[in-house]
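Hi everyone, thanks for coming. Please take a moment to look at the sequence and the structure on the screen, and then we'll walk through a few spots together.

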Amino acid sequence: MSGHINRNNRIIQCYGVNKWFGKFWVLKDINLEVYEGEVVVVIGPSGSGKSTLIRCLNRLEEHQAGEIIIDGILLDNNTRNVSAIRREVGMVFQQFNLFPHRTVLGNVMLAQRIVRRRSKQEAMQTALALLDRVGIRDQAYKHPGQLSGGQQQRVAIARALAMNPRIMLFDEPTSALDPEMIKEVLDVMKELARSGMTMIVVTHEMGFAKEVADRVIFMDSGRIVETNTPNELFDNPKHPRLQNFLAQIL
Amino acid sequence: MVSEADSQRMRLAEDVPIAPALQIEGIPPAKPRPVTPFIYVYRFPWWILFLVVVGIYIVLSIAGDPEYSEYFRRLSAGVNITLQVSFGAYAGALVIGLFTGIVRSYPPGPGQGLIGGTINFIRLILYHIVTLYVELLRGMPIATLLVFGAFAFMPALRQAGVDLPFRGTSIETAIIFLALAYGAFLSEVFRAGIQSIPKGQLEAARSLGMKGYQTIKYIVIPQTFKVVIPPLGNDFIAMIKDSSLVMLLALNDVSQLAKKISGSNFDYIDVYLVVAFIYLSMTLTGSLFVKILEQRLKTKER
Ligand SMILES: Nc1ncnc2c1ncn2[C@@H]1O[C@H](COP(=O)(O)OP(=O)(O)OP(=O)(O)O)[C@@H](O)[C@H]1O
Ligand SMILES: [Mg+2]
């Protein structure tokens, strides 16, 4: 439990969101409100639209019907709004997607310099402080290819945090990692949740969901089928498809 | 020249302790493969040694033979033009190729709103002009292009009242049309390089709030160059050779001088031996330079 929830601020609002890939209906009438400081975990079978949902929140994918409002800004075709929202929303990918031609420090500094327009010194200080926070300051001058998967993912988290986002999206951040590296990444995410960050996390790590999530959302074939506190959702699933899903993974 | 970041990295690399060999009773410990000096026989770049030795031999025989020396002296007068044309046209081709390669890599869709719509419509027109350019120029013999440029296009421009500061059959015309011809090739090289960059790189850049041009400048171009250095080097060497086509414009490059000298004394064998030596000195220096560049880029990242 993050315990910093501000129930006066619905920082993410989705109303009647629909999306199609060609004829394929991926997101069906998604309604979702997330409070500032809340940690929401999204679970569901492969292909149920989890990634697509969170990618719509920072316009990596475009929704075709319904409204998405992030921190009071309507997400539409207005590029100014999209830019403003991307500045508020950080994202961490399954495949890390670090920039291989830049050092760890360079990865964390680049967007600060050219998007936030910070001075070199300020960007460097922020970067080193964040690398310290995720526990890899001593790797600052290496290139991503020289790091382990867990270290790379922690750099990716630091890179996103360097933009001072108010919301962090995680798309299966530990799915590409060897088992012994999963914990180090989850620990960083737990610390982040405790610090009051609003987070939406797509993951198969049920332990993490039980420990950290304020709310768990179960998606199936493009719909939010059930949403509840982790204890209720895992111990007392109502929808038969959720019962079925939990039976398969637990 | 070692930067601070480099020295830091080296120090980090040296700090890594070497794990002691694991020994299980009854099984003799694995011995490291003995490093014999024989390994250097396999690592040594023998072909470079061969070239250097033969090169020295040729230089000495040219210097010792008054006839060869004379040919060399007269042909060297053309090296200047050969190099000017090669470097000038290649620099132009790089700029054209990179620009058109980027345009061709991102075909625009309909834009949003009045401004976005207008910008994307202009981009659409540009996209098709660039595609037309690449497809047309790629399929044209370079000799045809040069002759057309020098004897048809430039005179036509002049007749239309354009005040050109150079003649039709000039080094400037040669550079412009060679650059256009090679630009079409390099465009495809760059496009292939750009397409080899994983989509996740662009998504990461977008999610960090970078604009399109920033993503291209800071993420796409640096990674593309690393991929395309070998084919670019290839085309640079081809350019040195193709610069000999400027003899069609009666420019006194190495090839044109060779034609003149051998045409007057019929000593084709000796003249063209020296010509081959001069071209190989330039192309081999070029390929060595490309190899070094490749090696540097490789060691910088992993
Ligand atoms: N760009 C695309 N074009 C067409 N179909 C797509 C595209 N991206 C995703 N899909 C389809 O949309 C559906 C939902 O994909 P999505 O990636 O959101 O699922 P997911 O819940 O994240 O699954 P996973 O657990 O495998 O990551 C899938 O059936 C997928 O094949
Ligand atoms: Mg997914």
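Let's begin with the largest pocket, which has 48 residues lining it. Nearest its centre you'll find A:Thr79, B:Asn120, B:Arg123, B:Arg206 and B:Gly212. Keep in mind that this is a predicted model.

Which elements give two or more residues to that lining? From chain A there is α2 (79-88), and from chain B there are α5 (79-105), α6 (113-138), α8 (171-195), α9 (199-207) and α10 (212-242). The most comes from α6(B), with nine residues. Sorted by class, the lining holds 21 nonpolar, 15 polar and 12 charged residues. As for the space inside the largest pocket, we get about 2,000 Å³.

Now for the surface. In chain B, a nonpolar patch is formed by B:Phe38, B:Val41, B:Tyr42, B:Phe44, B:Trp46, B:Leu49 and B:Val53, and together they have about 750 Å² of accessible area. Two helices of chain B, α2 (38-43) and α3 (46-64), each give two or more residues to this patch.

Let's pick one member, B:Tyr42, which is found in helix α2 of chain B. Is B:Tyr42 buried or exposed? It counts as exposed, because its relative accessibility is 64%, and the cut-off for exposed is over 50%.

Finally, over to chain A and helix α1 (residues 50-57). Seven of its eight residues are buried, so this helix is largely enclosed by the rest of the structure. Those buried residues are A:Lys50, A:Thr52, A:Leu53, A:Ile54, A:Arg55, A:Cys56 and A:Leu57. After α1(A) comes A:Arg59, with a positive phi near 65°.

Methods
Residues are numbered from 1 along each chain as its sequence is written. Chains are lettered from A and ligands numbered from 1 in the order in which they are written. This is a predicted model: local features need pLDDT of at least 70, side-chain atom pairs count only at pLDDT 80 or more; totals for chains, interfaces and linings use all residues. Side-chain values use heavy atoms; hydrogens and water are left out. On a 1 Å grid over the protein atoms alone, a cavity is a set of points where a 1.4 Å probe fits but cannot get out, and a pocket is an open set with protein on both sides within 12 Å along at least five of seven lines; lining residues have an atom within 4 Å of a point. Grid points are joined across faces, edges and corners, and a volume is the space filled by probe spheres set on the points. Helices (H or I, at least four residues) and strands (E, at least two) are DSSP runs, numbered from the N terminus. Ala, Val, Leu, Ile, Met, Phe, Trp, Tyr, Cys and Pro count as nonpolar, Asp, Glu, Lys and Arg as charged, and the others, Gly among them, as polar. Patches are made of residues with over 30% relative accessible area and no salt bridge: like charges are joined within 9 Å, nonpolar side chains (Val, Leu, Ile, Met, Phe, Trp, Tyr) within 5 Å. Accessible areas come from the Shrake-Rupley method with a 1.4 Å probe; for residues, only the protein chains shown count as cover. A salt bridge is a side-chain nitrogen of Lys or Arg within 4 Å of a carboxyl oxygen of Asp or Glu. Buried means under 20% relative accessible area, exposed over 50%, partly exposed in between (1.4 Å probe, protein chains only).
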